[in-house]
Amino acid sequence: MKAAEIHNIHKSYDEVKALGGISMQVEKGEIFGLIGPDGAGKTSLIRILTTLLYPDQGQASIFGMDTIRDFKGIRKIAGYMPGRFSLYQDLSVEENLNFYASIFGTTVSENYHLIKDIYQQIEPFKKRLAGRLSGGMKQKLALSCALIHKPDILFLDEPTTGVDAVSRKEFWEILKNLEEVGITIIVSTPYMDEAELCDRVALMQEGQLLDVDTPANIIGKYDHELYAVESRELHQLIKDLRSFDKTVSAFPFGDTVHLATQEKLRRKELQKFLEEKGHEGIAVQSIEPGIEDCFMNLMRKQNDE
Amino acid sequence: MTNENIIEVENLVKKFGKFTANDRLTFQVKKGEILGFLGANGAGKTTAIKILCGISAPTSGKVSVAGFDAVKHPEKIKQNIGYMSQKFSLYDDLTIRENFRLFGGIYGLSRKSIRQRTEELLKRLELYEYRNRILEALPLGWKQKLAFSVAIMHHPQVVFLDEPTSGVDPVTRRQFWELIYEASEEGKTIFVTTHYMDEAEYCDTVSMMVAGQIRAFGEPRELKTEYGVKSVNDLFIKLARN
Amino acid sequence: MKRFLAFVKKEIQHIFRDTRTMLILFGIPIAQILIFGYVIKNDIKDVDIAVYDQSKDEYTRQITNKLTSSGYFILNRELDNMKNIDRIFKEGEVKLVVVYENNFSKKLHAENNATVQLIADASDPNRANLITNYSGAIIHDFVKDEFHIDQLPYQINSKVRMLYNQNLASVFMFVPGTMALILMLVSAMMTSISIAREKELGTMENLLVSPLRPAQIVVGKVTPYVLLSIINAITILVLGVFVFGLPIRGSLTLLMLESVLFITLSLSLGILISTMSPNQQVAMFISLFALMLPTLLLSGFIFPIENMPKLLQWLSAIMPPKYFITILKNIMLKGTGMAFVWKETLILGGMTAVFIILSVKKFKLRLE
């Protein structure tokens, strides 16, 4: 049985189309990433899967339970962490956790082993009101509350948005540990670099699926040659590379520009072209694409269609 | 970038009760410079930005922005800066043009220059034909670019951008940075915070705040060499974890 | 059951940690009852009256004595003709003129019929109403004590046309009215706000994605407010009885049961409002305009329903507080039992059932 089966889901809010016919499957026990910017439809999809929203069209099921008919069954086995911090700010850390445990008919001590690693970090502040916690601690508490009833499947809606790089890294380490316990995780994120931490990902853009696959396969499907080009003047470099006749796209990536071309380049040719434009410190290197390169490439193709 | 300092901060301290949010910050930013202001959540970035914008007074220390003292003339500073954040942007229920007119009016531009700037900036974004659209239904990426244009409409000397690209798609994110580059080339100083570490590499200078202090400050290239790391992301993790 | 108790516990924690809620819950009822109470009490204290006694006999003196010793009236002056009444009222001190006819005692003995005329300054109609009610009641009492009969054949002839209210209900009207108003407010507004708050903060998402049943959420929300509303009802009654001398002539048990019925009705109305409100502001707004204003204006609390245009009278018929106020007046002031209030009780019960069914039906299991 699949952890989630999604078939041709459509969803619109008034005029705005949030999901335009999405189909995919999530395997049991994997970390599945929904990757895309705001407006891609990630939150709508998660809300449909957690039985919070009706799809306009199409079906979805979680462990074989239909999200419309068997919503009660799903609500028993799903853990959910909404995008916005949504715990009771006027209750303490401990009170929040106890409350969520008891509405699922369990106790904190029963499943403490599951949340131990996370909860230990906030336990010194267990008497503090949740509203007075720092951002990172709130996030850990929210995850603890979503986990306390030992869900079979965990839905995380943008858990790392607005969170600094260090806390993000810690958060993903926690998710990896949960995967080992056998919990299926569906997580959404706008950060493309997090895709590589998932077993499989769905790349989403404006309610459409760009691709669903393992990160490695998505990278393998990349159909251009890619170069990392460096020079002293990054902004000028982008402009000049775009005027280069073999360029498909040129975008800044960190301190280099990723240049995609249809065919293999002779490095000297590019070197010469840039020298003529007056660049200094030129370096050209053939590189493997990342998920972000692939995403941008797929976006461009979708726009061309 | 010129050698003229547009932001000068010396021993800036801000305390909330016993808690020190900003601990003896000292740095300068030059005209036209793009400064990436980085730090973990709760490191004290927002507090520092509020002081630089003249919204909040420092506990002690000297702060001057665009030639004005942040303690004595905060209102003068406000006239000379632009501000944009993910949270405060434009009014969703007004059209693009109405938003421009409103914010132009707030900054005291004449009707004529509001009209000129609106046309100029919208044509640059290739959104001029949409000028009578209500903002609400527009894509997030457009809104962020429009918000940036509004923030630079009155030709401020410094523009503060607080996580301007959060949640924006990768292509629009890069287009946004091209707008930042252009503003910098026009001589505007850019003060930007972000959680996308690759964006930190696009800055002329990055500042890394840890627990209220500036732990590292300099060109990304030099800092990476100095700390022996491959990217600003690694630098961030290295410094923030200690 | 454990889930439900955990939910109730959480609600109580919310209430007791929010000083604003606490203030609204307990401060407003007390403040309101004291304000209403003292405004009305001061109104009818040491009112100046003038007496034109044409017979000056035993009874007229006794009645005048009774009036002035009641604490409500002070004898300002005695008159010897009717001509000056206009001028006296214009001076502003005297609010009531009592006129005894000639041969008052004689007539009363001989014909069982004597006339005392009460002329009130009706420039302030409410006050005039109160004053004539009080003075009329005192005269009535006198006759009752003296002749042991319940009917006094006297005639009130005042410049305002007013109904004689045998139970002095207008004096104590504010207590039942305030009680209805406050129970409505506390129960309906607080529950609707507290559900709307969960929506606004996003915590409703977490609750929905849990095995909690909607009935558990709704009842869990309501339970603490039922308890608090009962405490409020008792507070208001205690204040009414001990500070303002309000009588409770009927059965206290029946009174409390009726209160609980009305509280339940208000709570289900509150839940209904919350299903329509996406956030706390809207909930507050609807509560104020759908509940508080109609309660104040249309339930007979301030303006008598009989004097309203037909359209408003019909509207007032669907205002739950109207029936509750009638029940309260009957039990507290008239001392009547279930036999006299069964109709109103049935109406309230029916309304409650409708609201509960509607709100459970409308309570959304999903976010839309």
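**Close-up views of a three-chain model**

**View 1. Nine residue pairs are in polar contact between chain B and chain A, both residues of each pair at pLDDT 80 or more.** A polar contact is a pair of N or O atoms within 3.5 Å; within protein, one must be able to donate a hydrogen and the other to accept it, and residues adjacent in sequence count only if both atoms are side-chain atoms. On the side of chain B that touches chain A, at least two residues come from each of α6 (170-185), α7 (197-200), α8 (220-227) and α9 (232-241) of chain B. Helices (H or I, at least four residues) and strands (E, at least two) are DSSP runs, numbered from the N terminus. The largest share of this side of chain B, eight residues, belongs to α6(B). Sorted by class, the side of chain B that touches chain A holds twelve nonpolar, six polar and twelve charged residues. Here Ala, Val, Leu, Ile, Met, Phe, Trp, Tyr, Cys and Pro are nonpolar, Asp, Glu, Lys and Arg charged, and the others, Gly among them, polar.

This is a predicted model, where local features need pLDDT of at least 70 and side-chain atom pairs count only at pLDDT 80 or more, while totals for chains, interfaces and linings use all residues. Residues are numbered from 1 along each chain as its sequence is written, chains are lettered from A and ligands numbered from 1 in the order in which they are written, and side-chain values use heavy atoms, leaving out hydrogens and water.

**View 2. Salt bridges cross from chain B to chain A, five of them by the rule.** The rule asks for a side-chain nitrogen of Lys or Arg within 4 Å of a carboxyl oxygen of Asp or Glu. Look for B:K224 and A:D255, whose side chains meet in a salt bridge at 2.6 Å, N to O. Chain B brings 30 residues to the contact and chain A brings 32, where contact means heavy atoms within 4.5 Å. About 2600 Å² is buried between these chains, with carbon and sulfur atoms giving 57%; buried area is the accessible area (1.4 Å probe) that two parts lose on being put together, summed over both.

**View 3. Chain A meets chain C, and this pair shares the most contacts of the two pairs of chains in contact.** Here 32 residues of chain A face 26 residues of chain C. Between them the two chains bury about 2800 Å², 56% of it on carbon and sulfur atoms. Two salt bridges link chain A and chain C; in one, C:R17 pairs with A:E95, the closest N and O atoms being 2.7 Å apart. On the side of chain A that touches chain C, α2 (71-77), β6 (78-81) and α3 (93-103) of chain A each supply at least two residues. The largest share, five residues, comes from α3(A). Chain B and chain C have no contact, their closest C-alpha atoms lying 17 Å apart.

**View 4. Inside chain A, A:K126 and A:E94 form a salt bridge, with the closest N and O atoms 4.0 Å apart.** A:K126 sits in the loop between α4 (112-122) and α5 (135-147) of chain A and A:E94 in helix α3 of chain A, so the pair ties together parts 32 residues apart in sequence. Over all chains, the structure holds 36 salt bridges.
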